[in-house]
Amino acid sequence: MKLSRRAVLGAAGAAALTTLAGCSGEDDGETDNGKAQDYSANREGAMDSYGVGQQFKASAPLTFPIMMLSNAGYPYKEDWLFFKELTKRTNVTLQSTVVPGSDYNQKRSVLVSSGSAPTIIPKTYHPDEEAYIAGGAVLAVSDHIDLMPNLKEQIAKWNLEPDLGAWRQEDGKYYLLPGTHEEVWQDYSLAVRTDILQQLGLSIPKTWDDFHAMLKAMKQAHPDVYPLSDRWSTPPQPGGNNLLQLIAIAYGSKAGWGFQHANWDPKAKKFVYTGAQDGYKQMIQYLNTLVSEKLVDPESFTQSDDQAKQKFANGKSFVISCNAQTLVNELRKSIATIPGATVLKIPVPLGPSGAVLDASRLESGVMISAKARESKNFVALMQFIDWLWYSPQGKMFAKYGIEGTTYTGSVDDGTFKLTPDVNIAGLNPSGTKNLQVEYGFFNGVFAYGGSTKLLNSQFSKEEQQFQEEMNKRKPIELAPPHPLSAEEREQVTLWETGLKDAVYQQTLKFILGTRPLSEWDAYIGELKAKNMDKYIEVHNGAYERYKKAHG
């Protein structure tokens, strides 16, 4: 199954893409366009010889500014062991601009646009970086991959070029260093109180129709409860971002966290406007039905995480969005006082699109301030980022910490385990010290991606069963490259603001029933008035232009 899924990805995204240069990390490399790079004035603090498998350690103490997301589940601590050990190993100190997760995107936009962003800007999801390209605020990182031997090897070894194709701009470059996975995998789903299912004689729902029937049965047995009260609202998007994303996938569209204006239609072989798709409307109709039948709490789309979790903990709801970590770290702990209560992360229900998996091998990545290119420490910066985010040793350190202190053994030979007093994601339930909260490891700013073995090491047997079930599904076809020119990108960025506001606001109104779905055609007209058709024409034109140029 693993090989076939890789083959599907490679075939789906196959295109004639610019290949990366083959120079060693210690030599001056080339840009994607073949222009030689001169790093002679930028090598202070760098290693003279740095390659795959080597520990990076700056030749002199260095400090790199970083934008640091503070996760509500493990708030930032300056004295985390992660930072101390990182400096010990690399001779680099990170100077953090700390931003709460709820404000991260807005704060990043302000800092980058004003030219005052830290050098390292992680936790950026494609295509968010595109808003900063025209202004020259972020680095064309693909020009400097020769300084990053670990990332370069992963791109080649895991055949990631088709995935990266969608990230490249018209100049052939990409401006975001990707989080890289060897395989596609699904983390987010829905958590369901399985003790309630047992009481009602219900099975775990396999389809969204089954899910609807499950909620109706829960409501009938518990009239004072909204069976589903959801979380993860990230303004200005309507809340329930995970729920919208999962349901949209079932109808061949994208919503919530996965929303993007231009969605590739594999049957029509062209891009269509997501917020106007029939599948997007079907997603809205489904959710509107659940809300109108009082099966979904209407506050799901506006309430805070804490409010949603409190309702679940108090038995005021039985279903909530989750991932592997929140299931163990939050939800199971929160219902511990309810006698006999149990909760399970269910496989994502299926819809008309069938058994598909809408997930990428690329996830949030790192932008680098364009000003860094002129720094005397630029080469050292790229070597440091390569080691921490992409080397097997750096990934193991960021994820699990220090051998002998927080873990023992190896993920490669299956001997890995946490030390007796440490726990994360339910791997060692008797452990009293949380790897994230107490030590700062397993932090989403640094620890993501990697080999399948490294990924599987974080899974309990229960989660492995979930992954096995999800892995039976076929990844959806990757969108083909359709890079925009600088002028086109500037224009569509202006259009996106009005379109996004309209889609988000009206999506919420349709779901909640404050605007009837009989006005769908009027809504489409409103999108047209905000240049929806022109927006899609630009993207399809860019696709045709690229296809003609590259075959």
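Q: Which residues in helix 13 are buried?
A: In helix 13, the buried ones are Gly394, Lys395, Met396, Phe397, Ala398, Lys399 and Tyr400. Buried means under 20% relative accessible area, exposed means over 50%, and partly exposed is in between (1.4 Å probe, protein chains only). Helices (H or I, at least four residues) and strands (E, at least two) are DSSP runs, numbered from the N terminus.

Q: Before we go on, what sort of model is this?
A: This is a predicted model, where local features need pLDDT of at least 70, side-chain atom pairs count only at pLDDT 80 or more, and totals for chains, interfaces and linings use all residues. Residues are numbered from 1 along each chain as its sequence is written, and side-chain values use heavy atoms, with hydrogens and water left out.

Q: Back to helix 13: why is it called largely enclosed?
A: Because seven of its nine residues are buried, helix 13 is largely enclosed by the rest of the structure.

Q: And what follows helix 13?
A: Gly401 does, and its phi is positive, near 100°.

Q: Which helices supply at least two residues each to the lining of the second largest pocket?
A: Helix 13 (392–400) is one, and helix 4 (149–157) is the other. A pocket is an open set of points on a 1 Å grid over the protein atoms alone, with protein on both sides within 12 Å along at least five of seven lines; a cavity is a set where a 1.4 Å probe fits but cannot get out, and lining residues have an atom within 4 Å of a point.

Q: What's the volume of that second largest pocket?
A: The second largest pocket has about 510 Å³. A volume is the space filled by probe spheres set on the points, and grid points are joined across faces, edges and corners.

Q: Which residues lie nearest its centre?
A: Of the 24 lining residues of the second largest pocket, those are Ser391, Pro392, Gln393, Asp412 and Ser451.

Q: Now cavities: how many of 30 Å³ or more are there?
A: A search of the whole structure turns up four. The largest cavity holds about 90 Å³ of space. It is lined by 14 residues, and the closest to its centre are Ile249, Val348, Val356, Asp358 and Arg473.

Q: Which element gives the most to that lining?
A: Helix 8 does, giving three residues to the lining of the largest cavity.

Q: New topic: what order do the strands take in the open sheet of three?
A: The order is 8-5-9, with antiparallel pairing. Two strands pair if DSSP finds at least two bridges between them. Strand 8 (319–322) and strand 9 (343–346) are the edge strands, each pairing on one side only.

Q: How many bridges join strand 5 to strand 8?
A: Four bridges join strand 5 (residues 189–193) to strand 8. As for Ser189, its bridge partner in strand 8 is Cys322.

Q: Do strands 1 and 2 run parallel or antiparallel?
A: Strand 1 and strand 2 (residues 92–100) run parallel, joined by nine bridges. Leu69, for instance, has Val99 as its bridge partner in strand 2. Seven of the nine residues of strand 1 (residues 62–70) are buried, so strand 1 is largely enclosed by the rest of the structure.

Q: Last one: where does Ala268 lie?
A: Ala268 lies in the loop between strand 6 (262–265) and strand 7 (270–273). Its relative accessibility is 39%, so Ala268 counts as partly exposed.
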